[in-house]
Amino acid sequence: MVGQISNLDARTVLDSRGQPTVEVDCYVDGKLLGRAIVPSGASTGAYEALELRDGDPSIYLGKGVTKAVQNVTQRIKKAVVGLQVDEQRTIDETMIELDGTPNKSNLGANAMLGASMACLHAGAALNGRPLWKHISGDNEGLMPVPMLNILNGGAHATSNVDVQEFMVMPHGFETFQEGLRAGVETYHALKAELKKDGLLGGIGDEGGFAPNLPTNEEGLKYMVRAIEGAGYSTEEIGIALDVASTEFQKEDGYHMGGEVLSSDDLVDLYGGWLDTYPILSIEDGFGEDDWDGWAAFTKKYGHRVQSVGDDLFVTQSKRLSQGIELGAANAMLVKLNQVGTVTETLASMELATSNGMNNVVSHRSGESEDVTIADFAVGTRAGQIKTGAPARSDRVAKYNQLLRIADEVSAYKSPFKR
Ligand code: PGA
Ligand code: ZN
């Protein structure tokens, strides 16, 4: 039989923050056919599948991944060698069974996802198809509207800005190439605006500028100045926010902008922003356990704005089902390493779409040259991707892969016009 996994190899490599992470090679019939590198978050949700770290403070400040690497080269390898490489579901289910825990704490979600993605690549190579086509199967691909995170705050910067990500979303364009170009030009326009005001310093983990600003709202004003400064209208380019509010939620409320806010205060705050700024999407507006806050906001404003659950759903069907029941959000953020396998990620996305929700495929703040998510977004027809600013190769690599795919796939449409 051809097409069987003959070996899995793995090693420690580095991510974009200089932290160790797992790289996996998948061999089929003795040939290296697939390779993948696992990303890593900083504002990680409490319900994410477990990222296995060695915890030995003398090596990589405790962040070593030698145990995860070993799990790939020993236990996972033993279980999957001999399986047909393009039978992704069988491979993933075999690993899930081997792990046997609800949060992947036995093998580590980083070990499992590395193996899962390496096999996905190998399956595509075996069949001589681009990865996006291997994923889409009989469906056409769809180019995603990018969310470019051009102003970084929160856990991804050392500034005083609470909101983690201010993104531009070029949704009013005919092609991906035009949309991306408009977003990139807006990034350069933001640089010029910040420079004018003496606010140009370093950049954050996702390549966006990271100025200190007097208020979070000031960030929104800069976004509009950048869009218009680049010569575009706010009809063509909107704003997407990732508030990542779990990061500043304490027992007594949300510590934001020097105040302590209740969930109701936040609903009103966002409502005011929606009245004033061209905001299309708000991610993690409420904390990962604040189901009531989520539901109240989505009920009141869900017809006007995309309300995206990241830490809330952690790409897991169980949490998503709960959210669907409560009407907590109308979109899901998709991060493969939050759940740990390709198959489970696809199942969660399917559950979201079959309930009328959008999917937004996402990078992590710790990334690499791995571009799997670019193909993944196109092949699943997610329609949206967030993968940082057009700066630093760990972010740009995904946009460049999308530009290559766009040579073959032209469909591109705003997820907000149905
Ligand atoms: P993370 O941030 O990768 O640091 O979790 C990304 C996000 O919150 O969407
Ligand atoms: Zn997020």
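Mentor: One definition before we start: domain bounds come from an automatic or database domain assignment. Keep in mind, too, that this is a predicted model.

Trainee: Okay, how far apart are the centres of domain 1 and domain 2?

Mentor: Find the two parts on the chain. The assignment puts domain 1 at 5–128 and domain 2 at 145–405. Taking the centres over C-alpha atoms, the separation is 27 Å.

Trainee: How much area is buried between domain 1 and domain 2?

Mentor: Start with who touches whom: 30 residues of domain 1 are in contact with 30 residues of domain 2. Carbon and sulfur atoms give 53% of the area buried there. The whole buried area comes to about 2,600 Å².

Trainee: And which three residues supply more than any other three of the area that domain 1 buries against domain 2?

Mentor: Look on the domain 1 side for a trio that gives 25% of what this domain buries. Those residues are S43, Y47 and E48.

Trainee: Which residue forms a salt bridge with R17?

Mentor: Across the interface of the two domains, the rule finds three salt bridges. For R17, the closest N and O atoms of its salt bridge are 2.7 Å apart. The partner is D205.

Trainee: Which element gives the largest share of the side of domain 1 that touches domain 2?

Mentor: The interface of domain 1 and domain 2 also holds 21 residue pairs in polar contact, both residues being at pLDDT 80 or more. On the domain 1 side, the elements giving two or more residues are strand 3 (31–37), helix 2 (88–99) and helix 3 (109–126). With seven residues, the largest share comes from helix 3.

Trainee: Last one: R11 and D25 tie together parts that are how many residues apart in sequence?

Mentor: The structure as a whole has 21 salt bridges, and one joins the side chains of R11 and D25 at 2.8 Å, N to O. R11 lies in strand 1 (residues 5–14) and D25 in strand 2 (residues 20–28), so the parts they tie together are apart in sequence by 14 residues.

Technical notes. Residues numbered from 1 in each chain as written. Chains lettered and ligands numbered in written order. Predicted model: local features only at pLDDT ≥ 70, side-chain atom pairs only at ≥ 80, totals over all residues. Heavy atoms only, no water. Contact = heavy atoms within 4.5 Å. Buried area = accessible area lost by both parts, 1.4 Å probe. Salt bridge = Lys/Arg side-chain N within 4 Å of Asp/Glu carboxyl O. Polar contact = N/O pair within 3.5 Å; in protein donor to acceptor, adjacent residues only side chain to side chain. Helix = DSSP H or I, 4+ residues; strand = E, 2+ residues; numbered from the N terminus.
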